[in-house]
Amino acid sequence: LHALDVTPSTVIHHVGQRPDILVAVVDAILQELPVSDSAEGAQIGGDWRESVRIAATSMREVLLRHPHAATLILDLSRDSPAGIEASARMLTTLHRGGVPLASVVATHLAIIGFVTGFALKSSAKRLVGAALGRSSPAFADASREASLGVDLEQLMARISDSKPEGV
């Protein structure tokens, strides 16, 4: 606001109320998520895991670029057009990939919660390290990335092995 030489009340007058502004911020951040052929959804009966890997890695990268917005993204992505679109792609991918319909939403929420928690943990370590004057070596990012992949594989294996009640 200082760079624009405006007051918060001026922004609210021209853009809308605070919730509208926050949803617009979340939408702008979520528009950074790539939309690739892999992220469009698995073919019917195809392996959904690769699409989930790509989406999870992209989401982690976005959250790491905007660590202070992670809780906003969790709270407001359902109100953001980009958030709704990303969720629809993931839900379609899971359903087409064979995740039982009764488990699609819970699976989606588990993946989002996992990736967000992982990114928040990485961001917290980075912020604490910076506050203590310690820089994170380059290999630490590669290590976190590898750990995300291993942990995500374990989560997806559990999802694949689980069956909803009554199935």
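This is a predicted model: local features need pLDDT of at least 70, side-chain atom pairs count only at pLDDT 80 or more; totals for chains, interfaces and linings use all residues.
Q: How many of the residues of H1 are buried?
A: A residue counts as buried when its relative accessible area is under 20%. Helix H1 has eight residues and is hardly covered. The count of buried residues in H1 is zero.

Q: What share of the contacts between residues at least 6 apart in sequence joins residues at least 24 apart?
A: The protein has 167 residues, of which 32% count as buried. Among the contacts between residues at least 6 apart in sequence, the share that joins residues at least 24 apart is 76%.

Q: Within what arc do the buried residues of H5 fall?
A: The buried residues of H5 are Ala 82, Gly 83, Ala 86, Arg 89, Met 90, Thr 93 and Leu 94. Seen down the axis of H5, these buried residues line one face of the helix, because they fall within an arc of 130 degrees.

Q: What distance does H5 reach from its first C-alpha to its last?
A: Helix H5 covers residues 81-96, which makes 16 residues. At 1.5 Å a residue, a span of 22 Å is expected. The reach of H5 is close to that value, at 22 Å.

Q: Which residue just after H5 takes a positive phi?
A: Helix H5 comprises residues 81-96. Just after H5, a positive phi of about 105 degrees is found at Gly 98.

Q: Which elements give two or more residues to the lining of the largest pocket?
A: The largest pocket has a volume of about 520 Å³. It is lined by 27 residues, and those closest to its centre are Gly 83, Ala 86, Ser 87, His 108 and Ile 112. By class, the lining has 17 nonpolar, eight polar and two charged residues. The elements that give two or more residues to this lining are helix H3 (49-65), helix H4 (70-76), H5 and H6.

Q: Is Thr 116 buried or exposed?
A: Thr 116 lies in helix H6, residues 104-131. Beyond residues up to four places away in sequence, Thr 116 touches Leu 63 and Leu 74. The relative accessible area of Thr 116 is 2%, so Thr 116 is buried.

How values were computed
Residues are numbered from 1 along each chain as its sequence is written. Side-chain values use heavy atoms; hydrogens and water are left out. Helices (H or I, at least four residues) and strands (E, at least two) are DSSP runs, numbered from the N terminus. Buried means under 20% relative accessible area, exposed over 50%, partly exposed in between (1.4 Å probe, protein chains only). Contact means heavy atoms within 4.5 Å. The expected span of a helix is 1.5 Å times one less than its number of residues. The arc is that of the directions from the helix axis to the C-beta atoms. On a 1 Å grid over the protein atoms alone, a cavity is a set of points where a 1.4 Å probe fits but cannot get out, and a pocket is an open set with protein on both sides within 12 Å along at least five of seven lines; lining residues have an atom within 4 Å of a point. Grid points are joined across faces, edges and corners, and a volume is the space filled by probe spheres set on the points. Ala, Val, Leu, Ile, Met, Phe, Trp, Tyr, Cys and Pro count as nonpolar, Asp, Glu, Lys and Arg as charged, and the others, Gly among them, as polar.
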